[in-house]
Amino acid sequence: RCKGKDAQHDPWEMVGQLQAPYDTFNLDSSVFTHKGQRYLMWAQTVPGTPGTSVFLAPLATPTTFAKEPLRVTIPTFDWEIQKYRVNEAPAMLHRNGRLFMAYSASATDARYCLGLLTADENADLMKLESWTKSPVPVFTSSEITKVWGPGHNSFTVDEEGRDLLVYHGRDYKEITGDSLYDPNRHTRVQRLYYKADGTPDFGI
């Protein structure tokens, strides 16, 4: 926590450890605010369950939750369990009356891809039935653009307020050794469009 108003120059202090539901591997925390409530999203392993799942919870403080966390998605589809069972790196987009949570799935090689969860903006986000999971990935490797393993995305806007998709990908498909240690997942940015039904069109 910054002790002053200048985050670059004022001193910082350690507030404490986030009280996650399990004392296990977790990563990719991200925050968003909806209807005045700040939420945290993150990926974590659950004891006795292989792989990582995505959790969601409203924050009471920067290190504590206002409600019991919800495991909003677990890797179950074939495209989410390629080599590893992975759901991670959640990113939130609020558009057209809905909340869209993109997340990454499978091993971090050419099989890495984006999935999508959708909820109505007026739904109770802490109820699992409020979320609909796409049965297919929404962003995958492309033979056309020669970009492989797109994932760990975020959303932002350009100078004109148009939505942008930010993600990383590789310029080659085949990887020597463990893909986790391959250093060439370069950051990329492209326009994000929308389909006629108001859902995001990630393109290729």
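These are my notebook entries on what I looked up in this predicted model.

**Ground rules**

I number residues from 1 along each chain as its sequence is written. Since the model is predicted, local features need pLDDT of at least 70 and side-chain atom pairs count only at pLDDT 80 or more, while totals for chains, interfaces and linings use all residues, and side-chain values use heavy atoms, with hydrogens and water left out.

**Entry 1: the whole chain**

I started with the secondary structure and got zero helices and 14 strands. Helices (H or I, at least four residues) and strands (E, at least two) are DSSP runs here, numbered from the N terminus. Reading along the sequence, I wrote down β-β-β-β-β-β-β-β-β-β-β-β-β-β. The radius of gyration is 18 Å, close to the 17 Å that the globule rule gives for 204 residues, so the protein is as compact as a globular protein of that length. For that I took the radius over C-alpha atoms, and the rule is 2.2 Å times the number of residues to the power 0.38.

I also boxed the C-alpha atoms along the principal axes and got roughly 50 × 40 × 40 Å. Of the 204 residues, 44% count as buried. My cut-offs: buried is under 20% relative accessible area, exposed is over 50%, and partly exposed is in between (1.4 Å probe, protein chains only).

Next came contacts, meaning heavy atoms within 4.5 Å. Among contacts with a separation of 6 or more, 44% are between residues 24 or more positions apart.

In what order do the four strands of the open sheet run? I read 6-7-8-9, with antiparallel pairing. Strand 6 (87-95) and strand 9 (132-133) are at the edges with a single partner strand each, so one side of each has no neighbour in the sheet. I count two strands as paired if DSSP finds at least two bridges between them. Strand 8 (residues 113-120) and strand 9 pair antiparallel over two bridges, and Leu-117 stands opposite Lys-133 in strand 9.

The loop between strand 8 and strand 9 holds Lys-127. Lys-127 is partly exposed, at 42% relative accessibility. I noted its C-alpha at 9.8 Å from that of Arg-71, 56 residues apart along the chain.

**Entry 2: two cores**

I call a set of buried Ala, Val, Leu, Ile, Met, Phe, Trp, Tyr and Cys residues a nonpolar core if they are joined through side-chain atoms within 4.5 Å. The largest one has 19 residues, and Phe-32, Leu-56, Val-72, Met-92, Met-101, Leu-125 and Trp-131 touch the most other members. Strand 2 (37-44), strand 3 (53-61), strand 5 (70-73), strand 7 (98-105) and strand 8 each give two or more residues to this core. Strand 7 has the largest share, four residues.

I then followed Leu-125. Leaving aside neighbours within four places in sequence, its contacts include Phe-32, His-34, Tyr-39, Leu-56 and Trp-131. Apart from this core lies another, of 13 residues, including Leu-93, Ala-102, Leu-165 and Leu-192.

Strand 10 (residues 148-157) pairs antiparallel with strand 11 over six bridges. Thr-156 stands opposite Leu-164 in strand 11. Five residues sit between the two strands of this hairpin, where Gly-161 takes a positive phi near 85 degrees.

Is Asp-182 buried or exposed? Asp-182 is buried, with a relative accessible area of 13%. I found Asp-182 in the loop between strand 11 (163-170) and strand 12 (186-191). Its side chain makes a polar contact with the side chain of Arg-170 (2.7 Å). Such a contact is a pair of N or O atoms within 3.5 Å; within protein, one must be able to donate a hydrogen and the other to accept it, and residues adjacent in sequence count only if both atoms are side-chain atoms.

**Entry 3: positive phi in two lysines**

Most residues other than glycine have a negative phi. Lys-35, though, has phi near 55 degrees. Lys-35 is in the loop between strand 1 (26-34) and strand 2, and is exposed at 61% relative accessibility. Lys-146 also has a positive phi, of about 60 degrees. I placed Lys-146 in the loop between strand 9 and strand 10, where Lys-146 counts as partly exposed at 43%.
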